[in-house]
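Subject: Structure handover

Hi,

Here is the structure I promised to pass on. Please open it beside this email and follow along. My notes come after it.

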Amino acid sequence: MSSKPTREAAWKLIEEYLPSDQMRRHSLAVEAVMRHMAKKYGEDEEMWGVIGLAHDIDYERYPEAHCHKAPEILKNAGWPEGYIRAVVSHGWGICSDVEPQTNLEKTLFTIDELTGLVAASALVRPSKSILDLPVKSVTKKWKDKAFAAGADRSIIEKGAAMMGVELNELIADTIEGMKTEAEAIGLKGNL
């Protein structure tokens, strides 16, 4: 493999290690938002997207070792250290002690949780779609801690602070990124 993993190579790993549709949709959602954010910041969209796509590579096969098996899997696939570090950093404070340092790492750490909350917010709308989801629907659901309880709001808040962005802007960017893959992530709804 070249020093820069391709999306195709990342997808082959997804096919091997993440068999569930739910995890694949989550991976595609994170990839889409990472690409959107890379474009916004003038960064490498392919790199950000590939890392976003593969960030949970060890989650299904090794749930107790999440972020601990990923380095071995990615090293064996020829991935460079910077990519591997970014993947592991998304679990900082949960299942990893690798603190996000770069813009890419901080973004991945933050939007990994946020994509879940945004997806859940879209699915409870009459349209069941991300395409017509306003930021205010997500912020309203944000306050209901029982709603999408698996989306840790404290991680999203910590990440937004690390990124230096307001929560509403981050939610808007997450929605915009996810819109680009609405059908693939199961959020086109009935629109």
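Start in helix H2. Glutamate 31 and arginine 35 both sit in this helix, four residues apart, which is about one turn of the helix. Their side chains meet in a salt bridge, with 3.1 Å from N to O. Are these two residues buried or exposed? Both glutamate 31 and arginine 35 are buried. One thing to keep in mind throughout: this is a predicted model.

Some background on charges. Side chains of opposite charge can pair when their charged atoms come close.

Glutamate 31 has another partner. Its side chain also meets that of arginine 7 in a salt bridge, at 2.7 Å from N to O. Arginine 7 belongs to helix H1 (residues 7-17), while glutamate 31 belongs to helix H2 (residues 21-41), so this pair ties together parts that are 24 residues apart in sequence. Arginine 7 is partly exposed, with a relative accessible area of 27%. Glutamate 31 is buried, with a relative accessible area of 4%.

Now move along the chain. Glutamate 105 and arginine 85 also meet through their side chains in a salt bridge, 2.7 Å from N to O. Which parts of the chain does this pair link? Distant ones: glutamate 105 is in helix H6 (residues 103-123) and arginine 85 is in helix H5 (residues 81-89), 20 residues apart. Glutamate 105 is buried, with a relative accessible area of 3%. Arginine 85 is partly exposed, with a relative accessible area of 31%.

Back to the pairs around glutamate 31. Salt bridges that share partners join Arg7, Glu31, Arg35 and Glu46 into one network. How many salt bridges does a search of the whole structure find? It finds ten.

Next, the aromatic rings. A search of the whole structure finds three aromatic pairs. One of them is formed by tryptophan 79 and tyrosine 83. The arrangement is edge-to-face, with 5.9 Å centre to centre and 85° between the planes. Tryptophan 79 is buried, at a relative accessible area of 4%. Tyrosine 83 counts as buried too, at 5% relative accessibility.

Lysine 69 lies over the face of tyrosine 62, 5.0 Å from the ring centre. Lysine 158 lies over the face of tryptophan 92, 4.8 Å from the ring centre. Look for both when you turn the model.

Last, the cysteines. A disulfide is a covalent bond between the sulfur atoms of two cysteines. The cut-off used here is 2.5 Å between the two sulfur atoms. How many disulfides does this rule give? The count is zero. Cysteine 67 is buried, with a relative accessible area of 4%. Cysteine 95 is buried as well, with a relative accessible area of 19%. The cut-off for buried is under 20%.

That is the tour. Write back with any questions.

Best wishes

Methods. Residues are numbered from 1 along each chain as its sequence is written. This is a predicted model: local features need pLDDT of at least 70, side-chain atom pairs count only at pLDDT 80 or more; totals for chains, interfaces and linings use all residues. Side-chain values use heavy atoms; hydrogens and water are left out. Buried means under 20% relative accessible area, exposed over 50%, partly exposed in between (1.4 Å probe, protein chains only). Rings of Phe, Tyr and Trp (its six-membered ring) pair if their centres lie within 6.5 Å; planes under 30 degrees apart count as stacked, over 60 as edge-to-face and the rest as tilted. A charge sits over a ring if NZ of Lys or CZ of Arg is within 6 Å of the ring centre and within 35 degrees of the ring normal. A salt bridge is a side-chain nitrogen of Lys or Arg within 4 Å of a carboxyl oxygen of Asp or Glu. Helices (H or I, at least four residues) and strands (E, at least two) are DSSP runs, numbered from the N terminus.
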